[in-house]
Each structure stands twice: as structure tokens, then as C-alpha cells.
Amino acid sequence: MRRGCTAAALWLLALAAAWAPPASAAAPRFDACVRVLADPGVDSGVADDCRRALAQAWPAMVAEVWPIDGARPRFEIRLMTTAGFRALHRDRIADWGVGLAAGDRAWVDVERSLGGGRSAAHVTVHEAVHCLLHQALPGVAGVPAWFHEGLAQDLSGEWRFRDTVSLILDGRVPDLASLETGFPADARRADQAYRTGLLAVQSLRAWHGHDAVPRLVTAARRDGDFRAAMREVTGAEPSAFRERFAGSVRLRFGWLVAATRWPTFFVLLAAAAAVGIVARRRRDRRRFAALDDHALRPPEIEAEDQ
Ligand SMILES: [Zn+2]
């Protein structure tokens, strides 16, 4: 009886061990994968902030972008002054660019990264996501630029809800098809493109499950083609996702765009506000008049029982 119990317990333990998720055991450690170097002249406090932010973001980044057992990514991030960054990348990047990533290294201009709710730490995490994605999908065809940038925005936490609203108010949301192979060089249009990429990645998760990104990465790695991975994960051609995205943006925010494009809207808005003010004044006047009446009426004094 006792031996039977022991055998059953051992069998259950073996079963549990066989079922244990292998990903957590194989998740690569941050300090074994990433080196963050600071150039001379870079503030040491800022460099520490960047290292800390990247270490904190690492588990979420790995879970999303590196669903790979038995292999570890390796890359190096160099934190630079503006002078150093410009000297190295002047010919490769638009004037407004503050970061750049290749397969195994990235560069961040920490001095110009500050501003607009963004910090050098955000840019460091953003570029690290690019490095990780490059290494997760080596030689994979058809990885859209909007996916790269949208995921980097999402995992670095650079953008918030107000950015989505301002994207809509800025003007027409770019078509995802125009953001497949590259991003605009013009600063304002590039800004719209980044936020569109973020919205598209969030839509992927909303429509195809919270694990849509790791499933896409896994399928793209296996097939060597991101379009095939999109077909597998979304159940349709990539163009169907792009069309659904455009339609959802129109549906969710179309009224806002229409309102801001239609000058009569503002006239009506002003008229409605004026009517509201007049109505409130009248109501207030009636209330004051009622108060006056009460005030003028002589107080009623009831004789108390003796
Ligand atoms: Zn980027």
C-alpha cells in the first residue's frame, strides 16, 4: 500500500516535470545578453537610468519577442553624446533621429532623447527591441516596418493614450501598406507613422489574442516569411488585417476627424455653448428671485404652548 503510494507520487512528480513550461527555464538572463556602454561625456546618472529601465523591461521584451528555447540574443547598446552620435550617423539618419539599431548593436543620442514625455531610457529600450527582433527573425522576409516600430513603441512605453488622440487630430492615419518597407523621413509624417505602428500592434493583440506577437515571431522564424506567419495567426491574408485596421480606425475615430475637418462644427459648437450659457443664466436668475422671495417674506412665528 505504502509502496503503491510512493510509486504514484513519483509518477505524478515525473508527469509534473514533463509538463513544466520549458520557456521560463530557458529565458535568457539580461546580463548575459546585453551590454550597455556609455561614451565619455555621457552623464553617468542617465546611463544608470537607461541600464535600469532596460533590465526592468527585459522580461516583457523576452516574453514577446524571444519565444525561443536554447538560444540567447547578444547585443550592445552605446549611449552617446549628440556630437558623437552625429559624427557617426550623420549620413544614415534624419536630423530628428535620436537612436539607431542594427542586428547586434544600437546607438542612442542621450542628450537629444529628452523631451515630450520621452527619456533616454525610453529610447534605449526602443532600440533594444529592434535588436532583439532582428536577432529573433534573421533573414525572415516581409517583416513590416510598422511591426518593428509599433512593437518598439509598445514595449518601451513611449506613447500613451493622448498620442493616439493627437494622431487622429493631426490628420489622416497613414495606410499600413505605405509603412511596410520603410518610414517617412519627414519628422511630422514619421511621428504619425510611429503612432500608427503602435496602434496596429495593439490591434493585433486585441483581435488575435494577447500572445499574437510571440505566435507571429515563432511562425515567421519557422517559415522564414512574415506574411505566412500573418496568415497563420490572423487566419487571413496580411492585406485583410491592413483593411480591417483602416476600417477600425475610421469607425472608432472617424467622427472625430469629420468633426475637426468640418468648419460648421465649430460654429454649431459655439452656438450650443452660447445657448447653454443663456439657459444657465436664466435658471440662475429664477433661483435668485426665488431666494429673494423667501428672504422678503416675514418669518412665521408660531406661538409656543405655554
Ligand atoms: Zn525604431
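Biologist: At what angle do helix 6 and helix 7 pack?
Modeller: About 135°, with the axes 8 Å apart. Helix 6 covers residues 120-136 and helix 7 covers residues 145-156. Keep in mind that this is a predicted model.

Biologist: What do you call that arrangement of helix 6 to helix 7?
Modeller: Oblique, because of that angle. The crossing is right-handed.

Biologist: Which residues of helix 6 and helix 7 meet?
Modeller: From helix 6, His122, Val125, His126, Val129, His130 and Leu133. From helix 7, they meet His148, Leu151, Ala152, Gln153, Leu155 and Ser156.

Biologist: How many nonpolar, polar and charged residues is that by class?
Modeller: The contact has 6 nonpolar and 6 polar residues, and no charged ones.

Biologist: Now helix 10 and helix 11. At what angle do their axes cross?
Modeller: Roughly 135°, and the axes come within 8 Å. Helix 10 is residues 212-223 and helix 11 is residues 226-234. That angle makes helix 10 oblique to helix 11. The crossing is right-handed.

Biologist: Which residues make the contact there?
Modeller: Helix 10 brings Ala212, Arg215, Leu216, Ala219, Ala220 and Asp223. Helix 11 brings Phe226, Ala228, Ala229, Met230, Glu232 and Val233. By class, that contact has 9 nonpolar and 3 charged residues, with no polar ones.

Biologist: Switching to the core. Which residues have the most contacts inside the largest nonpolar core?
Modeller: Val65, Leu79, Val108, Ala128 and Val129. That core has 66 residues.

Biologist: What does leucine 79 touch?
Modeller: Setting aside residues up to four places away in sequence, leucine 79 touches Val36, Leu37, Ala38, Asp39, Val42, Ala47, Cys50, Val108, Val110 and Ala120.

Biologist: And arginine 78? Which strand does it lie in?
Modeller: Arginine 78 is in strand 2, residues 75-80.

Biologist: Why does arginine 78 count as partly exposed?
Modeller: Because it has 19 C-beta neighbours inside 10 Å. A buried residue needs 20 or more.

Biologist: What is arginine 78 in contact with?
Modeller: Beyond its neighbours within four places in sequence, Leu37, Asp39, Arg105 and Trp107. The C-alpha atoms of arginine 78 and alanine 106 are separated by 6.2 Å, and these two are 28 residues apart along the chain.

Biologist: Last topic, the whole chain. How many helices and strands?
Modeller: 13 helices and 4 strands. Buried residues make up 31% of the 306 residues. Of the contacts with a separation of 6 or more, 72% are between residues 24 or more positions apart.

How values were computed
Residues are numbered from 1 along each chain as its sequence is written. This is a predicted model: local features need pLDDT of at least 70, side-chain atom pairs count only at pLDDT 80 or more; totals for chains, interfaces and linings use all residues. A nonpolar core is a set of buried Ala, Val, Leu, Ile, Met, Phe, Trp, Tyr and Cys residues joined through C-beta atoms within 7 Å. A residue is buried if 20 or more other C-beta atoms lie within 10 Å of its own, exposed if 12 or fewer, and partly exposed in between; C-beta atoms are placed from the backbone. Two residues are in contact if their C-beta atoms, placed from the backbone, lie within 7 Å. Axes are lines fitted to C-alpha atoms, for helices over the stretch in contact, and angles run from 0 to 180 degrees between N-to-C directions. Helices (H or I, at least four residues) and strands (E, at least two) are DSSP runs, numbered from the N terminus. Angles under 35 degrees count as roughly parallel, over 145 as roughly antiparallel, 65 to 115 as roughly perpendicular and the rest as oblique. A crossing is left-handed if the near helix is turned anticlockwise from the far one by less than a right angle, and right-handed if clockwise. Ala, Val, Leu, Ile, Met, Phe, Trp, Tyr, Cys and Pro count as nonpolar, Asp, Glu, Lys and Arg as charged, and the others, Gly among them, as polar.
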